[in-house]
Amino acid sequence: MSEYDARGKANRALLICVGDYQHLDRLPAAKANAGELKRALTAPGSGVFTKDEVRICRPQEPWEVEQALDAVTEQASGLLLVHFSGHGWVGSDGGNLQLMVGRSEPRHKTVSWQNVLSRLDKAAADRIVIVLECCYAGNADGAFHSLRKPMSLLMAAQPNRRIFSGHEPAGGSLFTRAAVQILESGIPGRPCVTFEDLVQALRDRLAHERTPMGDVWEPRSAKQNTVDDVVLSFAAPADPPAQSPPRIPSRRRLRPYLRHWLRLLLTLAIILVPATAGVVLLTVNGAEPACPPALELRLLTAPEAEPALRRAAFTYEMSDLNTHPLNGESDLPDGCRRAQITVYSAAKDQIGQGFAAADRWQGEAHGAGTGQGRPDDEGIEPLHRPGPQPDVWIPESTADYEEARRGMPDGSPATLRNTGPVAYTPLVVGIPANARLADVEQVGASWQDLLTGTDGDHRHLQLLRPSPVLSGTGLLHTIGLYLAHDGSEIGSAGPPDATFAQDAEGRLSAPGSQYAGSTELLCSLRPADAGGPPGGALHTRAAPLVSEKSLADFNLGRAIGSCPALDAPLAPGSRYAAYYPRNVPALDHPLIRVDWDGAADATARQAAVDRFAAWLRDPDGGQRTLTAQGYRGVPGEDDRMPRPGPGSPLLNSRADADLDAPVVPFDAGGDQVARVLDGYDKAQKSSQVLILFDTSTSMAEGGKLPVALGAAARALEMAGPRHTYGLWTFPDRTHPTDPEAVRRAVPLGSADPALGKAALDRIAGRGRDELVDHGAAMEEALTAAVREMKKSAGTNKAVVLILDQDDGGPQRAAGVEKTLTSLLKEEPEVPVLTLALGKDGCDTFTLQGLAEASKGRCVPGGPDAPEQLAGLVASIGTAGKEDR
């Protein structure tokens, strides 16, 4: 597991330690925790935080916590550590964790854990680590689902447990004393203390302790949006502390000593050397010059490329190129970062919408609300999705760039400048290892050969592709399939053949066959015995259309999509062999410099982007970082494609990649991309979606409601000119005790997405007041929805079920489950696509059976859930085999 090292960045630690309570028991040990933790975090061997980077907060009012959080989230660019010691409180259902400050009472003057997370989610820090030492700390991980930032959470105990913390002898609480000793002394055999190290060491030290309920005291941990570990201290037992990278902090630490000796030598020279014409005094400032704020560059990319580019950006920030002064930069001290890079991602369609509404994007960034948006921009919120206006955009392929540029209006304030590729990865078709294709070459076969070899009548392998609407990989696979189906070069190809496009889409179709990206597609195919989703046996009959890098990651058991890394590569029988279609262009990851009209620092930003671009293409710079992640490099001065170097996962035979496969550059024109997209649209059939939304009060707990609303809104965005929908909620407010009653917020058959958006906005705006204080009977409401869909016209339809959990079990009438199952098996087919936000996610017998009976799928709650669901919804309009 890679480790995030924050040295050399602006780090912050906020220690919220409450000991003096007016209405609750005082906690003197919690009060003492602040000083003990600050001493441990700033000890000479720790090496991550300086004393001025650690802030202590002893709040009496909730606003004091909010103010302190806002301050550190603005200041930290590297690691942000937040620690809370004090009383914790939860409701009777175990949800809605509240952190108690000095004047808190149960339900009054408390700090909502969800509010804390929402503030931290806006931080500029690369990594956030949170430590909760309070009763019921283990109830905190459910609210992680709505976050975007990489966060690691350490909870002092398991869910629904109180802990003994606060009345211990001097020196802090038991939990904190153990943490302090670990951070100060290190761990035997480890050169540093990481977040995972600290969690395991605390579990070991508290294994003999008991909670007030008599259970083993077991700290818990959770992570979101990151697979990295985070270094918290460089203390190591009996060994000198690990040294910081010499290019940055060491240079700056040595500088005061060099000045001291220089001053001494100058003094001696003045004394010993007689001056005949006078003495020139050289003044050496004894104070270390402070680093000026680094220029922030915002890098927008695709979700699949974000982890690798985030690592590359961090390596660049710490490089000599970014920390040595350049000629003419007398105001930048040696060792200071010239630029810092914020990396974020969004789906392809959202990025295209952002550039199409660039005036609104820029207007919102300047605080001008909607800017000067055009009427057709209504509903587009670029700052919310895809995020802040970028300085750099690295899409998956030049095709994405061509599509976005085509959608930009004349007079746009954004100018896109394509500076060329920074890395390549060929496109492949993954064939199960035990189903290799007879008489089909692994490298260089045409798409026609692959379609024939994978069995044209669907009896064997099902071709699965990321959505061309949401994914650059899906779009480029579609371009290759349409324009190079006979193996010819796409640059000389004519317009796509409509008949072939429809036939090809027929092979790629089936409800749920498209995904938001190739990493999530492959994550869904990981075998269940290797940590994959229930029902992962689909991998034995699926042929995914993905990239070489993502397929290698899958085979090697690396983190992919929302699937964490495994301890070892997949077993040989669970891997895919990579087949490389002839003359299908590779993903070329072009670096697009985005210039914005009227930017006051435009020249400085352009120069900073150009330096970063040059470093990314440098064989001794960014190319090392990118190829180590599994990408192919860019041609050097000799214009030859380099082979992957040492350290590349592609060299591992278990990756099942073929390095003899050529890298085909992208040479299609913008008009060809447009014609392929038009052909794809025409190959789709009309569809109908019914969104069934759980509005019981439990949806308001643990941050589930924002995820649910975001997923429903994203599903609405998939509606096209030939796609209709309906939006129902359950339980029904007017008949809360009737389990079969639903509220038809938007009637089935509607074509205007604005109606659904308005209904969702009402729920979001009124929050808990819009929810129904009654259990959600999922099977009864779903029976009504499926029955309605069976009667409706059309052949491509599905129910999208968004729920917390099924609350109808205890009061359910006999036979409901049997009725629903029988109904699902009747013709026409109505798959159920479920987003499950409960603690068990999709890992329940009911939801697994529902997906199997309806031939649908289930997506567990998480930060990527809205995009995963959108990918499934996007496939509903594809031409099913029964339509061919």
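Select Pro731 in this predicted model; Pro731 lies in the loop between β24 (723-730) and β25 (743-750). The bond to examine is the one joining Phe730 and Pro731, which is a cis peptide bond with omega of about 0°.

Most peptide bonds are trans, and most residues other than glycine have a negative phi.

Select Asp439, in the loop between β17 (427-432) and α12 (447-453). Asp439 is not a glycine, yet its phi is positive, at about 65°. Is Asp439 buried or exposed? Its relative accessibility is 84%, so Asp439 counts as exposed.

Lys855 is the next selection, in the loop between α24 (845-854) and β28 (857-860). Its phi is positive as well, about 60°, although Lys855 is not a glycine. With a relative accessible area of 55%, Lys855 is exposed.

Now turn to a pair of helices. Display α22 (residues 778-791) and α23 (residues 816-825), whose axes come within 10 Å and cross at roughly 25°. Angles under 35 degrees count as roughly parallel, and α22 and α23 are therefore roughly parallel to each other. Their crossing is left-handed. To see the contact, show the side chains of Glu779, Glu780, Leu782, Thr783, Val786, Arg787 and Lys790 in α22, which meet Val816, Glu817, Thr819, Leu820, Leu823 and Leu824 in α23. This contact of α22 with α23 comprises 6 nonpolar, 2 polar and 5 charged residues.

Then display α2 (residues 62-75) and α3 (residues 113-120). The axes of these helices come within 9 Å, with a crossing angle of roughly 20°; α2 and α3 are therefore roughly parallel to each other. What is the handedness of the crossing of α2 and α3? This crossing is right-handed. In the contact, Glu66, Leu69, Asp70 and Thr73 of α2 meet Asn115, Val116, Arg119 and Leu120 of α3. By class, the contact of α2 with α3 has 3 nonpolar, 2 polar and 3 charged residues.

Finally, return to the whole protein, which has 25 helices and 28 strands. Of its 884 residues, 56% are buried. The protein exposes about 36,500 Å², of which carbon and sulfur atoms supply 51%. Among contacts between residues at least 6 apart in sequence, 77% join residues at least 24 apart.

How values were computed: Residues are numbered from 1 along each chain as its sequence is written. This is a predicted model: local features need pLDDT of at least 70, side-chain atom pairs count only at pLDDT 80 or more; totals for chains, interfaces and linings use all residues. Side-chain values use heavy atoms; hydrogens and water are left out. Axes are lines fitted to C-alpha atoms, for helices over the stretch in contact, and angles run from 0 to 180 degrees between N-to-C directions. Helices (H or I, at least four residues) and strands (E, at least two) are DSSP runs, numbered from the N terminus. Angles under 35 degrees count as roughly parallel, over 145 as roughly antiparallel, 65 to 115 as roughly perpendicular and the rest as oblique. A crossing is left-handed if the near helix is turned anticlockwise from the far one by less than a right angle, and right-handed if clockwise. Contact means heavy atoms within 4.5 Å. Ala, Val, Leu, Ile, Met, Phe, Trp, Tyr, Cys and Pro count as nonpolar, Asp, Glu, Lys and Arg as charged, and the others, Gly among them, as polar. Buried means under 20% relative accessible area, exposed over 50%, partly exposed in between (1.4 Å probe, protein chains only). Accessible areas come from the Shrake-Rupley method with a 1.4 Å probe; for residues, only the protein chains shown count as cover.
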